[in-house]
Amino acid sequence: MSAKLGETLLREQLISPQQLKDALDYQRTNGGRLGSTLVKLGFLSDEEITAVLSRQYGVPSVNLSLFEIDDSAVKLIPQEVAQKYMVLPLSRVGATLTVAMVDPTNVFAIDDIKFMTGFGVEPVVVSEAAMQEAMEKYYGSAKSLDIFKDIIDDVTKDSGKSLFDEDAGDLEVIEEEEEIDFDNMEKIGNEAPVVKLVNVVLVDAIRRGASDIHIEPYEKEFRVRFRIDGILYDIMRPPMKMRDAITSRIKIMSKLDIAEKRLPQDGRIKLKAKLDGRSRELDYRVSSLPVLWGEKIVLRLLDKEKLMLDMTKLGFEVESLDRFKRQISKPYGMVLVTGPTGSGKTNTLYSALSSLNTPETNIMTAEDPVEFNLPGINQVQMKEQIGLNFAAALRSFLRQDPNTILVGEIRDFETAEIAVKAALTGHLVLSTLHTNDAPSTVSRLMNMGIEPFLVATSVNLIQAQRLIRRICKDCKEEVSTPPQALIDIGISPDEASDIKVYRGVGCGTCNGTGYKGRVGLYEVMEVTDELRELILVGASALELRKKAIEDGMITLRVSGLFKIKQGITTIEEVVRETVK
């Protein structure tokens, strides 16, 4: 390609033979493509190179800085594939995907993209410099990806060598007291490939703002995914030969039994790390699960800096927050927070405890696991294997003179029964349940075996919640939306024509997603006397819901509509997490 491009440039008298010789000498010393070398040396502009490449390859050229790139198209090709082939998906029309390429003659890249996406590929040519800039914008920094690539290259250089050979370095346990300087990449480069890779994955998750790391073995591939703002993204696919080594490394770090591969295990990794110039404590909750082709490992990042203990900043509507605060300030009764895994229930309960935490109060918590250490609160870690479960802890708590009790989760009749009795005997009980909305929680408690009169008299408030993504502030723009689309999701016809709807275009801050951070949706059902009467006569969740709305309950969908009106989130996010 270099020779052809050089000949074309000489033929078109865009550079002199001496300039071509200088560029080729520079390229031999420093690597890279001839086009980008000529731009670096100042012999040609980026636009001139792109125009020549377009004529040379016979494909159109585009200016990526002016091109409107479709975010949904970008997600079709993982970052490591885009980086490997220097390609960027631009848009999809029907079964055809338009892909920007530095080298549109690379048939291997085109075949791989066809196989991976299932679409036909229409290549357009761009310069290498423009591609690098676009990748930074839409995929985030490639620095960590390059580190991944270097590590994997280390492993694959000698396919016959075991990852546990002496030459590859020992897999040492990183103790909490040790401090790892992740800014010093040279130090990481001298470690064993597996140690190096695991360390980089752990710190890259923190840098990208991920909440979970998924390490998943399949029959013919091994992949690592990050959950960022509630959505899973493919990050890398290490070689299959690294599968057992990576699994063992993480199990050693989290003090799990590496010989036990048939049963699920839970552990924790605590590290001190120097990250971006400052010392930070990193805490990961580790879960290993035997699957068909090995062990799937999920690491939940417990980042103290992301724990929001100020309830006014969680996203509550004013009326909902007033109700919640009123009920947690009562001396006895039960407050239940419900929602799926990852909906922010723990954060809400910790915020409530933080507001109740005074020298005059004795607060006891039973958690599985204890996610964050809260000073002044007595936290107990459950250990099922020795008989310390929620029910056993609750029984013990009642002999510890508590004012407020937090039960991590009500999972069975025994725990529910003791929690109800504690709420009826002068204690404030906070707990969580897995239900879809607030009214259906009553039915769930009855299904567990709790009598209706006990539910009616013990429960003060039930709150359902979800987390949805916030629009990125750096690339937020107004988008025209037909009033009917707003009416369809529950906004009144009178308001629909006046509401401004926003979305994120995608920028470097949000890695091209248009979203950055999350906010809560809250459905707060205060159990009034009228609702207690309905519960006593065995009313359905539908009847309870209707009455609660009459009493002023804001539903999850209405909470979401408020966030749309305030320009905090998009219609798609609210529809994804709520129902009318």
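User: Where is the place of R278?
Analyst: In this predicted model, R278 belongs to strand β9, which covers residues 278-291.

User: Is R278 buried, exposed or partly exposed?
Analyst: R278 counts as partly exposed, because its relative accessibility is 41%.

User: And which residues does R278 touch, leaving out those up to four places away in sequence?
Analyst: With those left out, R278 touches A273 and E305.

User: Let me step back to the whole protein. How many helices and strands are there?
Analyst: The protein contains 24 helices and 19 strands.

User: How much of the protein is buried?
Analyst: Of the 580 residues in the protein, 50% are buried. The protein exposes about 27100 Å², and 50% of that area is supplied by carbon and sulfur atoms.

User: What share of the contacts comes from residues 24 or more positions apart?
Analyst: Among contacts with a separation of 6 or more, 65% are between residues 24 or more positions apart.

User: Which way do β5 and β6 run, parallel or antiparallel?
Analyst: Strands β5 and β6 run antiparallel and are joined by seven bridges, with β6 covering residues 222-228. Within this pair, A210 stands opposite I228. A hairpin of four residues connects β5 to β6.

User: What about β5 and β10?
Analyst: Those two strands also run antiparallel, and four bridges join them. Here I215 stands opposite I297 in β10.

User: Moving to charges, how many salt bridges are there?
Analyst: The count comes to 30 salt bridges. In general, side chains of opposite charge can pair when their charged atoms come close.

User: Which side chain meets E216 at 2.7 Å, N to O?
Analyst: The side chain of R223 does, and the two form a salt bridge. Both E216 and R223 are buried.

User: Which other salt bridge of E216 has a distance of 2.8 Å, N to O?
Analyst: One is with R225, whose side chain meets that of E216 at 2.8 Å, N to O. Another is with K296, where the closest N and O atoms are 2.8 Å apart. This second pair links distant parts of the chain, since E216 lies in β5 and K296 lies in strand β10 (residues 294-301), 80 residues apart.

User: Why does E216 count as buried?
Analyst: E216 counts as buried because its relative accessible area is 2%, and the cut-off for buried is under 20%.

User: Are R225 and K296 buried or partly exposed?
Analyst: R225 is buried, because its relative accessibility is 17%. K296 has a relative accessible area of 21%, so K296 is partly exposed.

User: Changing topic, how many disulfides does the count come to?
Analyst: The count comes to zero disulfides. C475, for one, is in no disulfide, and its nearest cysteine sulfur, that of C507, is 3.7 Å away.

User: Are C475 and C510 buried or exposed?
Analyst: C475 counts as buried, with 9% relative accessibility. C510 also counts as buried, with 4% relative accessibility.

User: Finally, what is the order of strands in the open sheet of three strands?
Analyst: The order is β1-β2-β3, and the pairing is mixed. The edge strands are β1 (87-93) and β3 (120-125), each of which pairs on one side only. Neighbouring strands of this sheet are turned by 30° against each other on average, with direction ignored.

User: How many bridges does β1 have with β2?
Analyst: Strand β1 pairs with β2 (residues 96-101) over six bridges, in the antiparallel sense. The bridge partner of V87 in β2 is M101.

User: Which helix lies across β1, β2 and β3?
Analyst: Helix α7, residues 107-117, lies across those strands and runs at about 145° to β2.

Technical notes
Residues numbered from 1 in each chain as written. Predicted model: local features only at pLDDT ≥ 70, side-chain atom pairs only at ≥ 80, totals over all residues. Heavy atoms only, no water. Disulfide = S-S within 2.5 Å. Buried < 20%, exposed > 50% of the residue type's maximum accessible area, 1.4 Å probe, protein only. Pairing = 2+ DSSP bridges. Axes fitted to C-alpha atoms, helices over the stretch in contact; angles between N-to-C directions. Contact = heavy atoms within 4.5 Å. Areas by Shrake-Rupley, 256 points an atom, 1.4 Å probe, with all protein chains shown as cover. Salt bridge = Lys/Arg side-chain N within 4 Å of Asp/Glu carboxyl O.
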